Amino acid sequence: MKITRQKHAKKHLGFFRNNFGVREPYQILLDGTFCQAALRGRIQLREQLPHYLMGETQLCTTRCVLKELETLGKDLYGAKLIAQKCQVRNCSHFKNAVNGSECLLSMVEEGNPHHYFVASQDQNLSMKVKKKPGVPLMFIIQNTIVLDKPSPKTIAFVKAVESGQLVSVHEKQSIKQLKEEHGLVKNPEQRRRKQRKKVSGPNPLSCLKKKKKTQDTKPSASEKKRRRKKRIRNRSTSNVISEKQNTEG
């Protein structure tokens, strides 16, 4: 029975890997109901999930799930402790927290670009997740972890992609990466670097002609001394001439 379960999990993982780019480490988003079921079934998630999926896993949750478990009180205290040991992924509900199922659903919007698995016992959430292509769904039944088979919506999406009617998010990312590698699309980081390295024109103020410094009109000390000697010499000469004229007269 255990071998059959692992075979099914391997088959489903191969489907999601080939068609949606799901890869290790598998990021599994847990809600409070899944944590509570694991607690009741005495399931060691950190040990059993990697073994069941045959690969490295990361147990994740969100702030909204933790907030929800805190408000539910003592009955879910054990589930809260399990969730608190998970990595917290950023959601878009920074200011106003929403219920856990709504938050997890928002994490797999727009084609599930981060390749999250959703692990929940909430039937309502599970039905909504199945309507989104490319989202692996996990639950616990009879104290056993199960990876659900791809939903009809997911299979229909893959067939549409194969027939050329649609392009998956994984293919869009691959096409974009190939274009960047061949220089057909400029990498945003390179574009930012070029903008930083762009040579700007000369400063208009620096192009103005520099005003010539006006020479200092004040005479120096030596110049003053020379002028003073000249005045004394002229004064003595004029005195000599006037005295001479007086004697002759």
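Predicted model: local features only at pLDDT ≥ 70, side-chain atom pairs only at ≥ 80, totals over all residues.
Let's start with P25, which sits in the loop between α1 (2–20) and β1. Residues are numbered from 1 along each chain as its sequence is written, and side-chain values use heavy atoms, with hydrogens and water left out.

Now the overall picture. The protein chain has eleven helices and six strands; these are DSSP runs, H or I of at least four residues for helices and E of at least two for strands, numbered from the N terminus. Out of 249 residues, 33% count as buried, where buried is under 20% relative accessible area, exposed is over 50%, and partly exposed is in between, using a 1.4 Å probe and protein chains only. Among contacts with a separation of 6 or more, 66% join residues 24 or more positions apart, a contact being heavy atoms within 4.5 Å.

The part I'd like to walk you through is α5. How do α4 (residues 63–72) and α5 (residues 77–84) sit against each other? Their axes come within 9 Å and cross at roughly 160 degrees. The axes here are lines fitted to C-alpha atoms, for helices over the stretch in contact, and angles run from 0 to 180 degrees between N-to-C directions. α4 and α5 are therefore roughly antiparallel, the word for angles over 145 degrees, while under 35 is roughly parallel, 65 to 115 is roughly perpendicular and the rest is oblique. At this contact, L66, L69 and E70 of α4 meet A79, K80, A83 and Q84 of α5. Those residues divide into four nonpolar, one polar and two charged. For that count, Ala, Val, Leu, Ile, Met, Phe, Trp, Tyr, Cys and Pro are nonpolar, Asp, Glu, Lys and Arg are charged, and the others, Gly among them, are polar.

From α2, the residues G32, C35, Q36 and L39 meet G78, A79, I82 and A83 of α5. This contact divides into five nonpolar, three polar and no charged residues.

Which residues of α5 are buried? They are A79, K80 and A83. These residues lie on the same side of α5, because they cover an arc of only 100 degrees around the axis, taken from the directions from the helix axis to the C-beta atoms.

Back on α4, the buried residues are C64, V65, L66 and L69. Their packing partners are β1 (26–30), α2, β2, α5, β3 (87–89) and α6 (100–107). After α4 comes G73, with a positive phi near 90 degrees.

Last, two backbone spots to look at on the screen. M54, in the loop between α3 (45–53) and β2, has a positive phi near 55 degrees although M54 is not a glycine. M54 counts as partly exposed, because its relative accessibility is 40%. N143 is another residue other than glycine with a positive phi, near 60 degrees, and N143 lies in the loop between β5 (137–141) and β6 (144–147).
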